[in-house]
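Please walk me through this structure in the viewer. Tell me what to select at each stop and what is there.

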Amino acid sequence: LPLFIKLNKDSLQQTAYLRINSDKPMAKILAAQILSNTPLNPMTEELLKKAVKEWDINIKGYAIYSVAQLQIGNLLETFKPLLDSSQTRRISLEALANSPTENDRQYLYDLVNKQDTVSEELLDCFYKSKNISNLKYWLKLLYTKPIPEKYYFSVTDKKSLIRKDTILKDVQVALEKINNAEVLGELVRALEGRTDDKSTDILLTLLTHENSTVRYWTALSLKGNHSPKLIAKLPELLNKVSTRVVSLTDLAIE
């Protein structure tokens, strides 16, 4: 499939149109996957929404995924019932988060306000969203609302929106306000490669955090950072930091 979808997009799209209503489930699935890699137009939107409504629950998720990837809007009426099924809930939340339609996204905000602790599924749909405003909202949730105790996410994808300049200030604010050590330990990695004064100040502060995991990932995030502020602080830090971060000098000024 990865090689196939590199072929002429118009030809791929026409092939998908011919197969998306096939009697064979695999043909339907492949057609939906192909459409997620071709330009969005009214025909594609109509066919994918029809698939979401009519396909068997066991394969419906493939059509929903394509809707999410293409950022199709006006989904709420069709997608709201899908949130009741464990088979379609998570991917349906992601589709609503990617929607350009305000009503679709507002429904997700309303769900957050109804929960005492924000569910992992809701948190993930905001974090994975292609809409930068949703990612900013996710960052704010991390320090304004109760979240699951063992909530996990990853910022290792170099192409993730979390590493974009447009969201740097929001990341910095979150790192200053978040109390959850596990969340801090992962989110601090979003500052990897940042040498501006604000980011360096935050990294220097977290380098002496009481939690060893936070200290560890902060030290790794400082690797290659040649900020004058960091270099000046190194002697003092080496006297304060736990011996469990003995590689700090090498990491920071290598």
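Start with the aromatic rings: there are 8 aromatic pairs, where rings of Phe, Tyr and Trp (its six-membered ring) pair if their centres lie within 6.5 Å, with planes under 30 degrees apart counted as stacked, over 60 as edge-to-face and the rest as tilted. Select Tyr-109 and Tyr-137; their ring centres are 4.7 Å apart and the planes meet at 55°, so this pair is tilted. Tyr-109 belongs to helix H7 (residues 102-113) and Tyr-137 to helix H9 (residues 132-144), so the pair ties together parts 28 residues apart in sequence. Helices (H or I, at least four residues) and strands (E, at least two) are DSSP runs, numbered from the N terminus. Tyr-109 is buried at 15% relative accessible area, while Tyr-137 is partly exposed at 22%. Here buried means under 20% relative accessible area, exposed over 50%, and partly exposed in between (1.4 Å probe, protein chains only).

This is a predicted model, in which local features need pLDDT of at least 70 and side-chain atom pairs count only at pLDDT 80 or more, while totals for chains, interfaces and linings use all residues. Residues are numbered from 1 along each chain as its sequence is written, and side-chain values use heavy atoms, with hydrogens and water left out.

Next, select Tyr-127, Trp-138, Tyr-151 and Phe-153, which form one aromatic cluster. Trp-138 is in helix H9 and Phe-153 in the loop between H9 and helix H10 (168-177), 15 residues apart. Both Trp-138 and Phe-153 are buried.

Move on to H10. Which of its residues are buried? They are Leu-168, Val-171, Gln-172, Ala-174 and Leu-175. These residues cover an arc of only 165° around the axis, which puts them on the same side of H10; the arc is that of the directions from the helix axis to the C-beta atoms. The buried residues of H10 pack against H9, helix H11 (181-187) and helix H12 (197-206), contact meaning heavy atoms within 4.5 Å.

Now look at charged side chains. The whole structure holds 12 salt bridges, each a side-chain nitrogen of Lys or Arg within 4 Å of a carboxyl oxygen of Asp or Glu. Select Lys-150 and Glu-182, which form a salt bridge at 3.4 Å, N to O. Lys-150 lies in the loop between H9 and H10 and Glu-182 in helix H11, so the pair ties together parts 32 residues apart in sequence. Lys-150 is exposed at 57% relative accessibility, and Glu-182 is partly exposed at 43%.

Then select Glu-192 and Arg-163, joined by a salt bridge at 3.8 Å, N to O. Glu-192 is in the loop between H11 and H12, and Arg-163 in the loop between H9 and H10, 29 residues apart. Glu-192 is partly exposed at 39%; Arg-163 is buried at 16%.

For the last stop, select Thr-44 in helix H3 (residues 42-54). Thr-44 is buried, with 0% relative accessibility. Leaving aside neighbours within four places in sequence, Thr-44 is in contact with Gln-13, Tyr-17, Leu-35, Pro-39 and Leu-70. In the same helix H3, Glu-45 and Lys-49 are 4 residues apart, about one helical turn, and they form a salt bridge whose closest N and O atoms are 3.0 Å apart.

Finally, zoom out: the protein chain has 15 helices and 0 strands.
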